[in-house]
Amino acid sequence: MLMKLQLSLLIVLLACGFLYQFTLKSSCLFPFLPPYKSQQGLEALLGHGRSIVFLETSERTEPSPLVSCAVESAAKVYPEQPVLLLLKGLTNSTQLLSNSTSPALSLLSAIDNVFLFPLDMKSLFEDTPLFSWYTRINSSAERNWLYVSSDASRLAIIWKYGGVYMDSDVISIRPIPEENFLAAQESKFSSNGVFGFLPHHPFLWECMENFVENYNSDIWGHQGPYLMTRILRVWCKLRDFQEVSDLRCMNLSFLHPQRFYPISYPAWKRYYEVWDTEPSFNDSYALHLWNHMNREGRAVVRGSNTLVENLYRKYCPRTYRDLLQGPEESVTWEWDPGNK
């Protein structure tokens with residue numbers, strides 16, 4: 001009996017030792033994601049400067065399948081980096097998630113490196129040129145407030161903490177090998193739907209200053225892609241792209257349209273069509289699906305064999321499995337103006 005007891009104790013000790021070593025190894029591989037996600041504050045996660053950031057500046061707290069796919073695909077492509085979804089309508093992430101009946105929030109919160117937080121714009125804009133603008137603006141009188149507040153928030157969060165910002169209709173397919181970059185939508189014109197910088201990069205500070213000095217929210221895109229393009233033209237002498245090669249200027253890269261926009265916005269419906277031979281997207285890091293153009297609310301339907309369905313199946317399999325509907329039960333999702 002004593003021998004059996006000693007043997008059992010030895011097995012328990014060995015098991016505990018194995019678990020301890022495994023925990024240490026996991027911490028070395030993924031040092032900024034300790035076992036309990038609830039313990040991770042927003043500042044701590046952002047402070048590593050390697051986050052992938054998505055924003056929702058409306059009051060919506062029910063992510064669409066497209067938003068879920070964008071976040072899941074980023075988490076899949078960047079497994080050792082925190083992927084953050086900040087929602088303005090989320091007041092208390094712990095309370096909401098514990099009481100949530102949202103399938104998308106439940107799905108995303110179950111992914112190890114995905115974190116959901118409230119978006120507090122006033123706090124975010126502190127210590128930036130945007131703070132004075134934000135505290136005096138009458139948002140209820142702004143026709144394009146969802147757009148301009150999103151344009152401002154993405155500049156501030158990446159300037160403060162560094163990382164990569166992505167619109168929530170961007171499906172990641174492979175890692176971006178750049179630290180300081182802008183994404184060309186077309187030749188000599190920058191988007192602001194995807195960009196990445198190290199913390200406190202002067203390009204983004206100039207963007208925030210110009211945002212305030214030349215503020216005009218009545219012109220769509222004036223505070224977003226047109227702003228990025230204005231500052232880029234000050235920094236760099238832009239020229240046409242040669243084949244699929246990126247442009248380098250000072251300490252930033254201007255990435256070829258094929259990297260994120262292989263299907264341009266006039267052809268956005270091609271994502272919702274069946275292709276005889278689907279494109280390989282071998283030159284792309286992510287795909288912008290132009291949800292801003294999808295005002296009729298085209299849905300991704302399971303079994304349709306459209307290009308976008310096949311992208312979901314490959315790059316966001318959990319979303320595909322849990323959130324997509326078949327043709328007999330499909331619903332048209334509300335158009336979300338926040339996804340550009």
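Modeller: Start with a pair of helices: Val148, Asp151, Ala152, Leu155, Ala156, Ile158 and Trp159 of α8 meet Leu204, Trp205, Cys207, Met208 and Phe211 of α9. Contact means heavy atoms within 4.5 Å. Helices (H or I, at least four residues) and strands (E, at least two) are DSSP runs, numbered from the N terminus. By class, this contact has 11 nonpolar, no polar and one charged residues. Here Ala, Val, Leu, Ile, Met, Phe, Trp, Tyr, Cys and Pro count as nonpolar, Asp, Glu, Lys and Arg as charged, and the others, Gly among them, as polar.

This is a predicted model: local features need pLDDT of at least 70, side-chain atom pairs count only at pLDDT 80 or more, and totals for chains, interfaces and linings use all residues. Residues are numbered from 1 along each chain as its sequence is written, and side-chain values use heavy atoms, with hydrogens and water left out.

Biologist: Why are α8 and α9 called roughly antiparallel?

Modeller: The axes of α8 (residues 145-161) and α9 (residues 202-213) come within 9 Å and cross at roughly 150°. Angles over 145 degrees count as roughly antiparallel, under 35 as roughly parallel, 65 to 115 as roughly perpendicular and the rest as oblique. The two helices are therefore roughly antiparallel to each other.

Biologist: Why does serine 68 count as buried?

Modeller: Buried means under 20% relative accessible area, exposed over 50%, and partly exposed in between (1.4 Å probe, protein chains only). Serine 68 has 0% relative accessibility, so it counts as buried. Serine 68 is placed in α3 (residues 65-77). Leaving aside neighbours within four places in sequence, serine 68 touches Ala104, Leu107, Leu108, Thr319 and Leu323.

Biologist: Why is α11 described as largely enclosed by the rest of the structure?

Modeller: Helix α11 (residues 307-315) has nine residues and seven of them are buried, so it is largely enclosed. The buried ones are Leu307, Val308, Glu309, Asn310, Leu311, Tyr312 and Tyr315. They pack against α3, β5 (170-172), β10 (286-288) and α12 (317-323).

Biologist: What makes a set of residues a nonpolar core?

Modeller: The set must consist of buried Ala, Val, Leu, Ile, Met, Phe, Trp, Tyr and Cys residues joined through side-chain atoms within 4.5 Å. The largest such core has 55 residues, and Phe54, Met166, Ile176 and Tyr312 are among those with the most contacts inside it. Helix α3 gives the most to this core, with eight residues. Another core, of 46 residues, lies apart from it and includes Leu84, Ile157, Met228 and Cys249.

Key. Axes are lines fitted to C-alpha atoms, for helices over the stretch in contact, and angles run from 0 to 180 degrees between N-to-C directions.
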